[in-house]
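User: I would like to learn how to read the features of a structure one at a time. Please give the general idea where there is one, then the case at hand.

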Amino acid sequence: MTTTPDTVAVTAADQEARARDVLGVSRLTDTALTSWLHGLPGVDQVGCEARAAALGTRSIKTTSKAWAIDLAISMIDLTTLEGADTPGKVRGLCTKALSPLPSDPSTPRPAAVCVYGDMVATARATLGASDVKVAAVATAFPSGRASLPVKLADTRYAVEAGADEIDMVIDRGAFLSGDHVTVFEQIVAVKEACGDARLKVILETGELVTYDNVRRASWLAMLAGADFIKTSTGKVAPAATLPVTVVMLEAVRDWLALTGRMVGVKPAGGIRTSKDAIKFLVAVNEVAGEAWLSDEWFRFGASSLLNDLLLQRQRMSTGAYSGADYIPDDSPSLY
Amino acid sequence: MPTFEYAPAPESRAVLDLASSYGLFINGEFTPSTGGASFKTVSPATEEVLAEVSEASEADVEAAVAAARTAYTRVWSRMSGADRGKYLFRIARILQERAREFAVLESLDNGKPIRESRDVDIPLAAAHFFYHAGWADKLDWAGLGADPQPYGVVGQVIPWNFPLLMLSWKIAPALATGNTVVLKPAETTPLTALLFAEVCQQADLPPGVVNIITGAGATGQALVGHGDVDKVAFTGSTAVGKAIARTIAGTRKKATLELGGKAANIVFDDAPLDQAVEGIVNGIFFNQGHVCCAGSRLLVQESVAEEVQERLKARLSTLRVGDPLDKNTDVGAINSRAQLDKITELAAVGEAEGAQRWSPECELPSKGFWFAPTVFTGVSQTHRIAQEEIFGPVLSVLTFRTPGEAVAKANNTPYGLSAGIWTDKGSRILWMADQLKAGVVWANTFNKFDPTSPFGGYKESGYGREGGRHGLQGYVRTGA
């Protein structure tokens, strides 16, 4: 089982050759892709939601809860994706990532700071050579409605500015109209533009609506070389739900069994409390497996989750619930 | 890498007020048995003695039936349907209010996980009383014919797998239709029935309308054979069901019998496989497989058989077996030593017959009655484990090639209580449901119950229906 990410740059030609191998075809036509995707087992909505609800009822041991909270903190992509983002706000967020709770240096750091491409340089400068990664949304985030050259330029700009990870959005219009080849080719092209940066592919599950679509989009993204599959931009409701994440965890589990390659999962948007985060970790543990319980293979895209995890962590170490003002907050709401 | 441990999160027993001994509930009062005999009921998870329970003698049965007859003639049959409904609504609400108490007691006495008693058994029991309360004043419009009339005194004998739920399936329709009841719970799980007797008192139900007598087989026989019982309702094994049918043959007594099963859970190659695996798990490991409609025969299309088996084994490795009162427990204890012996014996037969036995790694508690979830692959129709009801967490996996073959294999059993179909094709679901000789056919789900849905079997799975309008039919006579 692979346990370290494969960060070697992949050319589009290599990636397409891999995909042809998986499908066992000589040419990746839309017919071939579509019949492959529609040959996947379907997802029964009622059964899937029931399973997710059952996973949400596990009760966690206190010592494990402390461990889970630290793990969840280390899995966060601390995110600011506002039109109103300024260098000041990004610097604040990066400082917070470097030292989430100055009063307690044992607090783990989040995995990455996630910003718009034009803020990558600012983030990189603040984070310096630390192990906190810079993730950038690219490809005309959040709509993804731009020409491919624009999307690729967007990606290269972010990588050149120092991004370690690229979060791209798929073309939902193409996907929903059944044009799987276009979605595939765009992901392959962006993956090539990423170079050594890891690629997270945002499916925007709120717009895909059905679990069958979520499963197919997950497989399509993995076929095209995604290092991570991510639920949402955070700009569309519903964003990351537990059932959608369960479907994606099933997909990466099955993909590993089929190809021997591990792909990460990133639910993003709407996960705000420690309780929710732990439910997701339970799902990771029971659906995909223990191997995914690491920031290499699972991330939370969130902004306010970190503060709640810190509050809970503080409560568990001191026994008292101190309140939000005891957690330094660098990204308070504008209002 | 540390493993993700879940808490032992045991539900507190403090909510219970368990007496050390219980009498019989006759004519609204707890009374000692005339013979003075008693037996102990134990927690199957620990073998701890929970309470001593009276064993009803023939004289006690006589007294209970007499009390039911008096209550029927003087009070219950004269009461308006609307008033009967009020009592049933009151019982339903009290069950909801005391749900936690009932759930803890049910898990203690039966061994089933608190997750199931809390989320399934007790809510459904209350739902049955609510549902039938609604019918009590509307029987003329239930499609049962003109002016439906109660039989009178109903003798009811229920099994140990869903003690309170089976009680509510029996008592709620009987009372709604104007009958009075003498009920005998199973000897290994009498406690929630006795707690229900307290609920009857709390609801001010007229004395004698519900009588609960505890005891073993002899008590049940005395009740079924009693001359003044007008109707018998039984849920349990096919062997006992046949004995009851023989006992009442040639008498005026009516009967509904809900007996054993060996349900086929049929998975086609186009099924939603991850959910099908959940359904297989729920079909056979729910309540440790102590379910008469359990999906104990998995019929899987050959083209996906290997894949389904692999997914199933991976899923079973995450099942948690242990303390029934722990909220994280998925599979609890086997209800009794006798049942454990029966399961152990049949599983050994499966191995001797040449089927491949597999269980996930799981540590079973040293005390109590435990059996690890078990899957047999390579099973044929001629194997005993494919024919006989095991009534435990043991799944037999068979394969088929075509829809017609699936139907033929599914029907090739003396039983016919339930079946499951997993496919994305709606037309196939309807075609299969039409062909399958089973009282309940679930599509893309399994083991789902609802008071509005009639339940009952074909062939050796019994006759009569419980639940829905069809269930009311078994408790009334109509002129038309």
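User: Which residues of chain B does the annotation "domain: Aldehyde dehydrogenase" cover?

Analyst: The UniProt annotation, from an unreviewed entry, covers residues 32-478 of chain B. The model is a predicted one. In this model the span is 42% helix and 16% strand, and its end C-alpha atoms lie 39 Å apart.

User: Which residue does UniProt list for "active site"?

Analyst: The unreviewed entry lists Glu258(B). A record of this kind may be inferred rather than shown by experiment. In the model, Glu258(B) belongs to strand β11 of chain B, residues 254-258.

User: Is Glu258(B) buried or exposed, and which residues does it touch?

Analyst: Glu258(B) has a relative accessible area of 3%, so it is buried. Leaving aside residues up to four places away in sequence, its contacts include Trp169(B), Phe234(B), Cys292(B), Phe455(B) and Glu466(B).

User: Cys292(B) is among those contacts. How many disulfides does a search of the whole structure find?

Analyst: A disulfide is a covalent bond between the sulfur atoms of two cysteines. Over all chains, the search finds 0. For Cys292(B), the closest cysteine sulfur is that of Cys293(B), at 5.0 Å, which is too far for a bond. Cys293(B) is likewise in no disulfide, the nearest cysteine sulfur being that of Cys292(B). Cys292(B) is buried at 11% relative accessible area, and Cys293(B) is buried at 1%.

User: Where is Gln288(B) placed, and what does its side chain reach?

Analyst: Gln288(B) sits in the loop between α9 (273-285) and β13 (297-301) of chain B. Its relative accessible area is 0%, so Gln288(B) counts as buried. The side chain of Gln288(B) reaches the backbone nitrogen of Gly332(B) at 2.8 Å. Among the residues that Gln288(B) touches, other than those up to four places away in sequence, are Lys112(B), Val331(B), Gly332(B), Ile334(B) and Pro393(B).

User: Now salt bridges. How many does the structure hold over all chains?

Analyst: Side chains of opposite charge can pair when their charged atoms come close. The structure holds 48 salt bridges over all chains. One of them pairs Arg198(A) with Glu296(A), with the closest N and O atoms 3.6 Å apart. This pair links distant parts of the chain, 98 residues apart: Arg198(A) is in strand β5 of chain A, and Glu296(A) is in the loop between α13 and β8. Arg198(A) is buried at 6% relative accessibility, whereas Glu296(A) is partly exposed at 29%.

User: How many residues apart are Lys86(B) and Asp83(B) in helix α2?

Analyst: They are 3 residues apart in that helix of chain B, so about one helical turn separates them. Lys86(B) is exposed at 52% relative accessibility, and Asp83(B) is partly exposed at 31%.

User: Which residue forms a salt bridge with Arg428(B)?

Analyst: The partner is Asp270(B), with the closest N and O atoms 3.3 Å apart. Here too the pair links distant parts of the chain, 158 residues apart: Arg428(B) lies in helix α14 of chain B, and Asp270(B) in the loop between β12 and α9. Arg428(B) is buried at 17% relative accessible area, while Asp270(B) is partly exposed at 21%. Elsewhere, salt bridges that share partners join Asp77(A), Glu165(A), Asp167(A), Lys200(A), Lys230(A), Lys266(A) and Arg299(A) into one network.

User: Last, the interface. What area do chain A and chain B bury between them?

Analyst: They bury about 2300 Å², 51% of it on carbon and sulfur atoms. Arg58(A), Lys61(A) and Trp67(A) supply 24% of the area that chain A buries against chain B, more than any other three residues. The contact takes 27 residues from chain A and 24 residues from chain B.

User: How many salt bridges cross the interface, and which helix of chain A gives the most to it?

Analyst: The rule finds 5 salt bridges across the interface of chain A and chain B. Asp274(B) forms a salt bridge with Arg215(A), the closest N and O atoms being 2.6 Å apart. Between the two chains, 11 residue pairs are in polar contact. On the side of chain A that touches chain B, α3, α4, α12 and α13 each supply at least two residues. α13(A) gives the most to that side, with 5 residues.

Note on methods. Residues are numbered from 1 along each chain as its sequence is written. Chains are lettered from A and ligands numbered from 1 in the order in which they are written. This is a predicted model: local features need pLDDT of at least 70, side-chain atom pairs count only at pLDDT 80 or more; totals for chains, interfaces and linings use all residues. Side-chain values use heavy atoms; hydrogens and water are left out. Helices (H or I, at least four residues) and strands (E, at least two) are DSSP runs, numbered from the N terminus. Buried means under 20% relative accessible area, exposed over 50%, partly exposed in between (1.4 Å probe, protein chains only). Contact means heavy atoms within 4.5 Å. A disulfide is a pair of cysteine sulfur atoms within 2.5 Å. Buried area is the accessible area (1.4 Å probe) that two parts lose on being put together, summed over both. A salt bridge is a side-chain nitrogen of Lys or Arg within 4 Å of a carboxyl oxygen of Asp or Glu. A polar contact is a pair of N or O atoms within 3.5 Å; within protein, one must be able to donate a hydrogen and the other to accept it, and residues adjacent in sequence count only if both atoms are side-chain atoms.
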